[in-house]
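Dear colleague,

Please find the structure for your review directly below.

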Amino acid sequence: MSDSMNSKLEDRRHFLKTSAVVAGVTLGPGVLFFGVAQSRAPEEGASSNQRWGMLIDTTKCGDGCSDCVTACNTENGLTGHTGPQDSQWIRKVDIKDLRTGYVQSLPMLCQHCENAPCVDVCPTGASMKRADGIVLVDRHSCIGCRYCMMACPYKARSFVHEPLTDQNPEVPRGKGCVESCTFCVQRVDRGDKPACVEACDTKGHKAMLFGDLKDPESEVSKALKSSDSVEVRADLALHTGVRYQGI
Amino acid sequence: MAQQLCINQGECRTGQFFALLALGGLVVLGALFAFFTLEHHGHILTGMNNQIVWGLPHVFAVFLIVAASGALNVASIGSVFGKQVYKSRAPLSGMLALALLAGGLAVLVLDLGRPDRLVVAMTQYNFKSIFAWNMIFYNGFFAIVGLYLITLMDRKLKAWSKPVGYMAFFWRLSLTTATGSIFGFLVARAGYNSALMAPMFVIMSFAYGLAIFMVVQSSMYRWNGLRLDEGVRRRMKNLLAVFVGASLYFTIVFHLTNLYFAKQWEFERFILLDGGIYTKVFWVGQVVIGGIVPLILLFMPRSKDAQSMCFCFLAPFLVILGGVAQMYVTIVGGQAFPLVMFPGHEVQSSFYDGVVNAYHPGIYEWLLGLGGVGVTFTLTVVAVRVFKFMPQDDFQTLQARRSTD
Amino acid sequence: MARLASYLRAGLRLAVLLGVTALMAAPSFEAAAGVELPKLEKGKGEKCVEDTAFMRRNHMELLKHHRNETLRQGIRTTKHSLKACVECHASGKTGSVASSKEDFCVACHSYAGAKPDCWDCHATKPGKHSVRQAAQPAVSPLMPSSGGRQ
């Protein structure tokens with residue numbers, strides 16, 4: 001109880017802080033800065049003033065539609081094969097309520113937890129969280145022990161089981177390391193949305209909203225504030241960056 | 001030349017010694033072959049996948065590591081609790097602990113996705129990770145037990161064996177606690193996520209380690225045509241029975257607790273009733289072969305002189321088999337059970353959500369896993385041959401003590 | 001704790017270093033003396049981002065530093081980025097820096113006896129998004145660039 005009180009207070013504080021920043025920036029030279037996100041100069045690193053997050057509305061998610069999955073595979077150079085040893089960064093999950101029989105379909109991806117178990121358990125620190133909340137694997141120090149895959153409550157991670165070639169230059173990946181959704185960090189850093197979100201928009205479903213959770217004016221923050229949403233496995237108190245509506 | 005090699009042997013059975021060595025070497029070579037093949041082609045050749053991420057190699061590795069800590073038990077009882085019978089067995093116990101740990105770690109390392117980055121694993125530590133702490137405990141175990149062995153075997157350093165023995169005792173308790181916690185700290189999975197994992201691994205390590213010690217000891221005595229003193233035999237037998245009983249007790253408490261929690265029912269149903277191979281391995285392997293049968297054998301009344309009725313080899317051997325079964329159920333069974341993401345929902349996806357994950361270990365996993373046993377076996381055979389590890393009992397004191405014990 | 005860790009690390013590094021030095025002694029430059037110097041294809045740009053002699057010795061340090069900054073802190077400058085190296089040095093014939101023996105990276109690394117594992121994960125050919133272009137991002141209608149500090 002007191003925890004959630006604290007986090008509310010914390011949210012409030014961030015709200016005030018961010019509003020101040022936003023106000024300051026709007027008064028600054030020339031440009032208007034409102035939008036889904038604020039992109040930054042290349043030499044500026046990811047900042048803890050931002051927290052990237054996503055809101056997925058399952059009522060808008062198309063049953064049988066998997067455009068987000070296809071877009072992810074194309075962007076990140078995955079084969080799209082679904083054998084037990086193939087990588088899947090995002091997948092469509094169909095769930096049926098056992099008591100009521102209500103059926104839903106939703107995309108499941110790395111939830112980019114604030115208290116990420118994969119980051120906690122990684123022996124070398126290869127599993128890491130950026131200042132802006134994006135959880136990544138540093139393949140330069142990943143030893144391929146797969147403990148993070150044991151620890152992840154969302155089965156979000158895959159292990160690369162065979163040698164790879166012709167990777168996307170922006171998305172290095174290779175044999176023997178663990179990998180997962182990066183929120184398309186290469187796109188986010190240049191001011192674009194993740195590929196899955198863009199594909200969902202293009203399809204016209206608009207079931208996935210992406211943006212800065214710490215910016216009260218962002219579309220995602222406003223949507224989160226105006227209606228109820230939940231974390232998957234909220235009991236674990238991981239404070240995920242991805243939240244769902246309609247489940 | 002060869003004559004000089006046999007220090008402990010009553011008769012120098014050099015041919016047989018080299019045969020054993022060749023056998024162990026062959027198994028180790030098999031593991032190396034598997035390692036280089038996987039290093040080149042990737043884990044695609046194994047039965048492990050994105051659902052069962054830890055397979056047979058980990059079953060053997062964790063078993064050997066846990067047993068390593070337990071094998072040191074005999075030495076600890078000697079040095080820490082001052083029992084003479086165990087003191088004379090301390091060097092053998094320490095050596096076995098090192099050989100077992102070496103075997104277990106070898107498998108663990110050879111199965112890594114990037115074994116070439118071992119240096120990274122040894123130099124970059126995330127201190128929030130219990131796995132990182134385990135690396136420190138494993139490396140420290142080698143150093144401390146190595147030192148302990150030196151103090152035990154060098155006459156001049158004998159006085160140090162007690163303090164170093166204490167240190168080794170606490171160190172290996174920490175080690176097994178940490179190893180159990182690798183599973184205990186996994187918050188998301190129904191099969192783990194329990195503080196009981198740590199003490200359960202500690203007590204199981206006592207049983208597995210002592211069982212391995214007894215098997216090796218029996219083999220050494222038989223090899224040399226000697227007969228283990230009846231009193232020593234009885235003590236170790238009773239101790240093993242206590243450990244096996246305690247392991248069963250922890251298993252019962254673990255499952256009873258789960259049976260009380262409605263959210264754990266599905267998992268318990270899986271392990272205890274309808275989990276196919278895992279249910280069988282649990283009941284037949286872990287409970288019956290590894291628990292009940294050894295207990296019956298150990299407590300079976302028998303006439304004192306009947307050499308044929310001694311189960312000092314068979315009973316501990318069954319405990320070892322049961323131990324491997326337990327690790328299989330804990331490690332693979334825990335992953336085979338579908339991860340619960342949406343309680344109260346039926347789940348379906350292309351990523352095998354909501355289904356019992358299949359695992360068919362391939363030849364490379366067997367080679368890797370057995371290779372760990374091979375490393376332990378080879379190291380033990382060589383060490384026993386080259387150094388003086390045969391327990392040196394003072395039979396007069398034993399006789400005198402028997403009346404007082 | 002942090003100090004203990006750093007001591008531990010220092011000690012281990014020393015040990016590893018000694019081991020590696022012993023192992024690496026053989027394929028050093030002296031050993032390769034008699035072997036013809038690799039003929040390297042000229043890069044596409046006018047000149048390299050640093051002095052050639054400096055790059056020859058220190059490119060790995062620059063790359064390592066840059067990779068950590070990019071991955072862990074999200075700093076996306078292009079001067080010392082591997083992608084930028086690949087863009088300039090990809091061979092005219094193979095389009096890659098490491099697919100044939102004459103390609104830029106391989107030619108020199110095999111001469112020097114170095115075996116970096118960059119290409120296990122990184123692409124050896126330039127991608128669709130040019131790095132140079134990315135340095136001045138096009139203004140996206142949805143996410144306007146602040147073009148500087150916030």
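**Salt bridges**

Glu198(A) is partly exposed, with a relative accessible area of 39%; here buried means under 20% relative accessible area, exposed over 50%, and partly exposed in between (1.4 Å probe, protein chains only). Please note that this is a predicted model, in which local features need pLDDT of at least 70 and side-chain atom pairs count only at pLDDT 80 or more, while totals for chains, interfaces and linings use all residues. Residues are numbered from 1 along each chain as its sequence is written, chains are lettered from A and ligands numbered from 1 in the order in which they are written, and side-chain values use heavy atoms, with hydrogens and water left out.

Glu198(A) forms a salt bridge with Arg187(A), their closest N and O atoms being 2.9 Å apart; the term denotes a side-chain nitrogen of Lys or Arg within 4 Å of a carboxyl oxygen of Asp or Glu. Glu198(A) lies in helix H6 of chain A and Arg187(A) in helix H5 of chain A, so the pair ties together parts that are eleven residues apart in sequence. Helices (H or I, at least four residues) and strands (E, at least two) are DSSP runs, numbered from the N terminus. Arg187(A) is buried, its relative accessible area being 8%.

Over all chains, the whole structure holds 28 salt bridges. One of them joins Arg40(A) to Asp189(A), with 3.0 Å between the closest N and O atoms. This pair links distant parts of the chain, 149 residues apart: Arg40(A) is in the loop between helix H1 (2–27) and strand E1 (52–57) of chain A, and Asp189(A) is in the loop between helix H5 (185–188) and helix H6 (195–203) of chain A. Both Arg40(A) and Asp189(A) are buried. They also belong to a network of salt bridges that links Arg40(A), Arg130(A), Asp132(A), Asp189(A) and Arg76(C).

Another salt bridge is formed by Lys128(B) and Asp120(A), whose closest N and O atoms are 3.2 Å apart. Lys128(B) lies in the loop between helix H7 (118–123) and helix H8 (130–153) of chain B, and Asp120(A) in helix H3 (residues 117–121) of chain A, so the pair joins two chains. Lys128(B) is exposed, with a relative accessible area of 59%, whereas Asp120(A) is partly exposed at 24%.

**A sheet from two chains**

Three strands form an open sheet in the order E3(A)-E2(A)-E1(B), with antiparallel pairing; two strands pair if DSSP finds at least two bridges between them. The edge strands, each pairing on one side only, are E3 (103–109) of chain A and E1 (345–349) of chain B. From one strand to the next, the twist averages 30°. Seven bridges join E2 (residues 90–97) of chain A to E3(A), and Val93(A) has Leu106(A) as its bridge partner in E3(A).

**Helix H14 of chain B**

Helix H14 (residues 314–336) of chain B has 23 residues and should span 33 Å at 1.5 Å a residue, which agrees with the 32 Å between its end C-alpha atoms. The expected span is 1.5 Å times one less than the number of residues. H14(B) is mostly covered, as 19 of its 23 residues are buried.

For Cys118(A), the nearest cysteine sulfur is that of Cys110(A), 6.2 Å away. Cys118(A) is buried, with a relative accessible area of 8%.

With kind regards

Terms used: Disulfide = S-S within 2.5 Å. Axes fitted to C-alpha atoms, helices over the stretch in contact; angles between N-to-C directions.
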